[in-house]
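Open the model in your viewer and keep the selection tool ready. The tour moves from stop to stop, with something to select at each.

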Amino acid sequence: MTPFIYITLAVFRPDPGYLEAQLQSVAAQEGVETHLVAVIADRVSGPMVARLCADLGLGLTLVSPDNNLDSVRAFEAGLARALTLSEEQNRPDALFALSDQDDIWHPDRLVRGVAALGEGPAMLAHSDARLVDAQGAVIHPSMFAYERRVRRPGLRGLLYRNTITGMTVLMRRAVLEIALPFPAQAGIHFYHDLWLGLVAEAAGGVVLIDAPLVDYRQHGANTVGAVSREPWRLPRFDKVWLRRHATSYALARYLANSTYLRMAEAVASGRLADGTARIAPIRPYLRRLRGAGSFAADALRLTLRGQFTRARIAGSFAVVHFGRAVWALRRTLDEGLNPALARFDERLYSLSPGVAPRAVEPAPAPPAHPLKSYRELIDLRKSARWTPVFEAPGPAIVVLVPTLNPTEIFAGIVTALDIAIGLAERGLTVRLVATDLPMAAPAASRAFVLNRMSAAGQALAAAERISLHCGAQSASLPLHRGDRFLATAWWTAHVADRLIRQHGLHHDRFHYLIQDYEPNFYAWGPEYADALASYGLNFAPIFNTTLLRDYFQQEGFTFAGRQALAFHPAIDIDRYSRGQRRTATGPRRLALYGRPEVPRNMFATGLEVIARFIEAENLQPGQIELVSVGLKHGNVNMPNGLRLISLGKLPYEDYPQFLLETDVGLSLMYSPHPSHPPIEMAASGVRVVTNSFGPKDLGRLSPAILSAAPEVPALSAALSRAWHRTPVSAQERQISLSGLGLSPEAMIDALAAELGAGLPQHERMVS
């Protein structure tokens with residue numbers, strides 16, 4: 001019987017010639033039947049792929065996501081669709097392959113993979129590859145030799161350094177059944193081929209075809225590309241080294257935990273026979289304290305074999321793992337061992353991948369935070385941690401943000417980054433400076449920033465006008481006396497002001513992106529006073545919405561006049577308003593925007609409002625379903641036997657569908673800044689209750705939004721009104737944000753014109 005193979009291809013702004021050559025090589029595969037599942041990650045290349053496949057006679061299924069996808073999520077979506085197709089088409093013995101958009105497969109690429117898998121236990125086969133240049137000329141006959149890859153690293157060895165390249169992979173369906181969905185990550189810190197390799201190695205094994213079966217094309221647009229590994233050199237042991245290797249260790253520990261959990265679930269579900277999962281090699285990652293010795297032994301063994309790069313990684317893991325144990329033991333008397341370990345791991349996973357894995361053992365109680373030394377409590381954020389060196393070749397816009405690590409970036413910083421990118425697209429040179437936290441992976445930070453750039457900006461080489469710097473780990477940073485500063489938080493406003501005054505810069509006024517009334521983030525005290533003092537500095541304001549500008553004006557700040565720039569939120573209303581709502585069946589769903597750790601979101605008030613509403617309406621479990629989204633918290637018992645279930649932060653791609661299946665919302669924000677959830681809910685057809693604050697009344701945007709005084713009786717009464725109202729109409733879902741300020745693009749146009757006076761101009765994008 002001829003083997004049948006589903007091939008997942010991720011397409012993102014491909015070179016048409018390269019893509020055609022790749023598809024021709026897929027169509028020319030010998031001895032197998034194939035079907036292509038193409039994920040159109042750029043949302044525009046679908047017609048070109050369909051035309052090429054039709055010309056070549058390739059069976060094709062297109063996957064068209066609602067939003068641009070990075071490569072990891074594109075392959076995840078494609079593999080999920082391929083798995084579903086195999087079930088729909090009744091092909092239980094189908095195999096699955098991955099394809100890049102610009103390589104060339106040898107005619108026997110798939111059939112040799114089939115033979116390698118054979119009847120044995122191996123779950124995944126992969127091969128070597130030739131490295132070729134953009135024209136197809138051979139650069140090196142072996143990727144494994146070029147990158148000094150270990151041919152059979154084993155399960156723990158894959159976590160030191162991945163040796164499996166997705167474009168060479170062929171898998172059994174069991175790998176996908178176990179691996180999907182991929183473990184969550186807040187930024188791109190692991191690649192799909194590593195995760196699939198870990199699952200396959202643990203579930204049955206990986207086999208290497210020791211021959212090049214793909215021509216791996218190297219060109220300027222490679223997502224990863226081959227890397228020639230330099231010889232081992234003595235590392236410099238400092239805080240930057242420790243943070244970098246702690247980041248790598250955090251990712252390995254996260255993937256090891258995720259692999260263990262998936263194997264346990266596969267055995268419990270019957271996908272794997274009990275005793276077949278091979279998890280012993282990753283146990284050092286799972287242990288509370290022990291395990292450093294295993295990494296140290298690996299480092300010694302690898303050194304003796306001459307595998308110095310992997311030995312260095314294993315040694316660094318031993319250091320971090322041992323340091324974790326020592327750190328926790330020193331705090332055991334004050335906190336207890338489990339809380340101390342939990343507090344260490346919380347910070348560790350925030351580096352990479354940004355989220356903690358599900359617990360292998362019951363989670364310990366949240367750790368208490370012991371009193372720190374007074375030296376740690378002094379607020380040093382108001383002054384630059386670096387010394388400016390005035391050696392920059394020309395003036396630029398210097399954007400000061402607390403961090404540039406993807407896993408630590410929240411909505412406010414994203415807005416600042418989008419403004420910086422917009423200025424670069426309009427011809428200005430931009431330097432992004434992280435003021436607070438070291439950059440764990442500069443390449444990942446730069447990729448995160450540039451991934452937000454428009455296609456037009458990329459065409460105008462705007463990326464070349466953006467540089468990233470870190471004031472938290474560099475002793476000095478390049479500046480120019482003609483630089484202009486953009487502050488994005490109250491303490492960065494103090495940094496900008498002090499740099500201008502201390503070093504005599506040409507422009508004595510900076511720009512200040514104001515996204516909330518920040519003194520109210522704190523109790524009366526030093527931070528409140530310093531945040532308030534930032535509004536007395538010499539700056540030009542940029543307000544996130546006219547509502548915020550009006551509040552500042554109401555409070556007597558003279559800089560908040562009608563001439564001050566204000567822009568409306570960058571909410572894609574169409575993304576939410578175009579969705580088809582579910583047909584009402586079963587209990588109606590009420591969703592709370594629940595963030596207990598953020599006081600201005602009034603979590604406790606929200607609980608009291610819902611409880612009073614339930615009692616007033618005498619609602620029973622068969623009538624209503626209560627869910628909380630935002631930040632994960634414990635489930636909460638409510639009146640009448642109801643329970644509020646916490647879903648935590650939903651994946652971006654799942655959020656619109658969740659709202660389409662929600663009937664009533666409660667989203668509170670005790671702040672003049674309009675939060676996004678009430679607007680997104682209303683555009684999705686949810687009748688949502690929120691609170692007013694000063695001049696803020698979101699009810700003016702749509703009748704679907706009920707704005708009430710921030711008091712429990714008023715809010716619970718509004719919730720009852722929402723419950724009894726008719727479904728939200730299509731007209732109510734069409735929300736205009738123009739009343740909240742200029743569009744972000746128009747605001748950046750005005751800002752660029754103001755900031756660009758006297759600065760060098762390059763080719764710019766016309767908005």
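**Stop 1: helix α16**

Select residues 411-425, helix α16. Its 15 residues should span 21 Å at 1.5 Å a residue, and the end C-alpha atoms are 21 Å apart, so the two values agree. This is a predicted model, so treat every value on the tour as computed from it. Now colour the helix by accessibility. Of its 15 residues, 13 are buried, so α16 is largely enclosed by the rest of the structure. Step past the end of the helix to G427, which follows α16. Its phi is positive, near 95 degrees.

**Stop 2: helix α19**

Next, select residues 490-503, helix α19. The 14 residues should span 20 Å at 1.5 Å a residue. The end C-alpha atoms are 20 Å apart, which agrees. How many of the 14 residues of α19 are buried? The count is 10, so this helix is largely enclosed by the rest of the structure. Show side chains for the buried set: W490, W491, T492, A493, H494, V495, A496, D497, L499 and I500.

What do the buried residues of α19 pack against? Select these partners in turn:
- the strands β10 (387-389) and β11 (397-401);
- the strands β15 (484-487) and β16 (510-514);
- the helix α20 (526-533).

Then move to G504, which follows α19. Its phi is positive, near 60 degrees.

**Stop 3: helices α11 and α12**

Select helix α11, residues 292-304, together with α12. The two pack at an angle of about 160 degrees, with their axes 8 Å apart. Angles over 145 degrees count as roughly antiparallel, so α11 is roughly antiparallel to α12. The crossing is left-handed. On the α11 side, show A292, F295, A296, D298, A299, L302 and T303. On the α12 side, show F308, R310, A311, A314, G315, F317, A318, H321 and F322. By class, this contact has 11 nonpolar, 3 polar and 2 charged residues.

**Stop 4: helices α12 and α14**

Which residues meet? From α12, pick R324, W327, A328 and L329. From α14, pick L337, A340, L341, R343, F344 and D345. The residues of this contact divide into 7 nonpolar, no polar and 3 charged.

**Stop 5: I279**

Go to the loop between α9 (239-269) and α10 (283-286) and select I279. Is I279 buried or exposed? The relative accessible area is 14%, and under 20% counts as buried, so I279 is buried. Leaving aside neighbours within four places in sequence, I279 is in contact with L155, Y260 and M263. Draw a C-alpha to C-alpha distance from I279 to S258: it reads 11 Å, for residues 21 apart in sequence.

**Stop 6: G579**

Finish in the loop between α22 (573-577) and β19 (588-594), where G579 is found. With a relative accessible area of 17%, G579 is buried. Not counting residues up to four places away in sequence, G579 touches L660 and R733.

Key. Residues numbered from 1 in each chain as written. Predicted model: local features only at pLDDT ≥ 70, side-chain atom pairs only at ≥ 80, totals over all residues. Heavy atoms only, no water. Helix = DSSP H or I, 4+ residues; strand = E, 2+ residues; numbered from the N terminus. Expected span 1.5 Å × (residues − 1). Buried < 20%, exposed > 50% of the residue type's maximum accessible area, 1.4 Å probe, protein only. Contact = heavy atoms within 4.5 Å. Nonpolar A, V, L, I, M, F, W, Y, C, P; charged D, E, K, R; others polar. Axes fitted to C-alpha atoms, helices over the stretch in contact; angles between N-to-C directions. Parallel < 35°, antiparallel > 145°, perpendicular 65-115°, else oblique. Left-handed = near helix turned anticlockwise from the far one by under 90°.
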